[in-house]
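I opened a notebook page for this structure. My entries below follow what I looked up, site by site.

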Amino acid sequence: MLILGLETSCDETGVALYDTELGLLSHALFSQVDIHVEYGGVVPELASRDHVRKTLPLVDQVLEEAGIVAQDIDGVAYTAGPGLAGALMVGATLARSLAWGWGVPALGIHHMEGHLLAPMLEADVPQFPFVALLVSGGHTQLVRVDGIGRYRLLGESLDDAAGEAFDKVAKMLGLPYPGGPHIARMAQNGNAQRFDFPRPMVNRPGLDFSFSGLKTYTLNTIADCRLSAELSEQDRCDIACAFEEAVVATLVIKCRRALRQEALKTLVIAGGVSANTRLRSALEQALAKEGARVFYPAPMFCTDNGAMIAYAGAQRMQAGLVDDANTPVRPRWPMEELPPLPGVEVV
Ligand code: KG4
Ligand code: ZN
């Protein structure tokens, strides 16, 4: 089964072709970062307009790269939520129009399910059941995964998502949006011994997260440094390093706790923050001691992309799921509401 996937939930237009026999055939991405950078964050109306401009040319591009003609496509999957309403509507409208024109079904995919399944695009795939840590700009969630669509939320952020905290701290340090990769780069030159930032909520039982206190702590540290002089390059690197370490340590502690609680040995991390190399290596080290393993997507499939939507769409459409023309987009959409796939082998 050959599925075209469209991702337009935020500031990236992602398009891909996934074949259930052959795997990922082609994928293309346009990042709107340059459009939003001067505003310090995503401007929803500009995002929607740019998805209108970019989606169809990217569809042509992936078809050409894969040597596929439209008649070969068996279905069109698109991100139906969560995300920006206007941006989602662009993807949904284009996906359904293409599907209708080609005489094939369309299916709305949950963006976080796309992220969660992205490690399945790799050669070495995790086996169900596993615990997933979803860490993006909008979500920080620990989920027990027993199969596609069989999700139980174990814990989540009570305030900012991890990626959002990275972005806000980056802004405090004068770094551009999205800040995660910039913080990670600066942190490499930071002195980890200089500051000791708190690890939020690790001494309380449970699997929820909170990053707003850490954000305030960072702001106060910046203010303290400024009391004596302007913030130097070294100050910024040291603060980036301390902040990143605190977030990573918190995530590691909670992942280990979730695996122990669920008596599982497999962790999946996905979403933009899972591209963070310090997080990956800290999790690998910590889990090796527990006899557990961590799986993650290739860096380009950690952040938003069309491949994860095409993959999730292929699994669900293969099980016979399709949308009717009235299915609305869901800017807010708890993942636990997704229908499970009974008895379907993961390809
Ligand atoms: O999954 P994603 O592309 O979009 C959402 O669904 O939100 O995640 C974007 C988030 C941003 O907050 C960005 O700063 C963060 O992922 N991010 C990172 C890194 N790369 C992206 N955070 C920390 N380290 C990174 N290397
Ligand atoms: Zn995302």
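Entry 1: I count a salt bridge when a side-chain nitrogen of Lys or Arg is within 4 Å of a carboxyl oxygen of Asp or Glu. I keep in mind that this model is predicted. I checked Lys168 and Glu164: their side chains meet in a salt bridge, 3.2 Å from N to O. Both residues lie in helix α5, 4 residues apart, which is about one turn of the helix. Buried or exposed? Lys168 is partly exposed because its relative accessibility is 32%. Glu164 has 27%, so it is partly exposed too.

**Entry 2: other salt bridges.** By this rule I get 19 salt bridges. One of them joins Arg316 to Glu113, with the closest N and O atoms 2.7 Å apart. This pair links distant parts of the chain: Arg316 sits in helix α10 and Glu113 in helix α4, 203 residues apart. I found both Arg316 and Glu113 buried.

Next I looked at Asp238 and Arg194, whose side chains form a salt bridge at 2.8 Å, N to O. Asp238 is in helix α8, while Arg194 is in the loop between α6 and α7, 44 residues away. Asp238 counts as buried because its relative accessibility is 2%. Arg194, at 37%, is partly exposed. I also noted one network, where salt bridges that share partners join Arg144, Asp146, Arg152 and Glu262.

**Entry 3: the zinc ion.** Which residues coordinate the zinc ion (ligand 2)? I listed His111 (NE2), His115 (NE2) and Asp304 (OD), at 2.0 to 2.1 Å. The donor spacing in sequence reads H-x3-H-x188-D. His115 belongs to helix α4, and Asp304 to the loop between β10 and α10, 189 residues apart. His115 and Asp304 are buried.

**Entry 4: ligand 1.** How many residues surround ligand 1? I get 19, and the closest are Gly137, Asp167, Gly180, Gly272 and Asn276. By class, the shell has 5 nonpolar, 12 polar and 2 charged residues. Helices α4, α5 and α6 each supply at least two shell residues. The largest share, 3 residues, comes from α5.

Then I went through oxygen contacts. For Gly163, a backbone N or O atom lies 3.1 Å from a ligand 1 oxygen. For Gly272, the backbone distance is 3.0 Å. Taken alone, ligand 1 exposes 550 Å², and the protein buries 88% of that.

Notes: Residues are numbered from 1 along each chain as its sequence is written. Chains are lettered from A and ligands numbered from 1 in the order in which they are written. This is a predicted model: local features need pLDDT of at least 70, side-chain atom pairs count only at pLDDT 80 or more; totals for chains, interfaces and linings use all residues. Side-chain values use heavy atoms; hydrogens and water are left out. A residue is near a molecule or strand if one of its heavy atoms lies within 4 Å of it. A polar contact is a pair of N or O atoms within 3.5 Å; within protein, one must be able to donate a hydrogen and the other to accept it, and residues adjacent in sequence count only if both atoms are side-chain atoms. Accessible areas come from the Shrake-Rupley method with a 1.4 Å probe; for residues, only the protein chains shown count as cover. Ala, Val, Leu, Ile, Met, Phe, Trp, Tyr, Cys and Pro count as nonpolar, Asp, Glu, Lys and Arg as charged, and the others, Gly among them, as polar. Donors are N, O and S atoms within 2.8 Å of the metal (3.2 Å for Na, K and Ca); water is not among the atoms, so sites may look incomplete. Buried means under 20% relative accessible area, exposed over 50%, partly exposed in between (1.4 Å probe, protein chains only).
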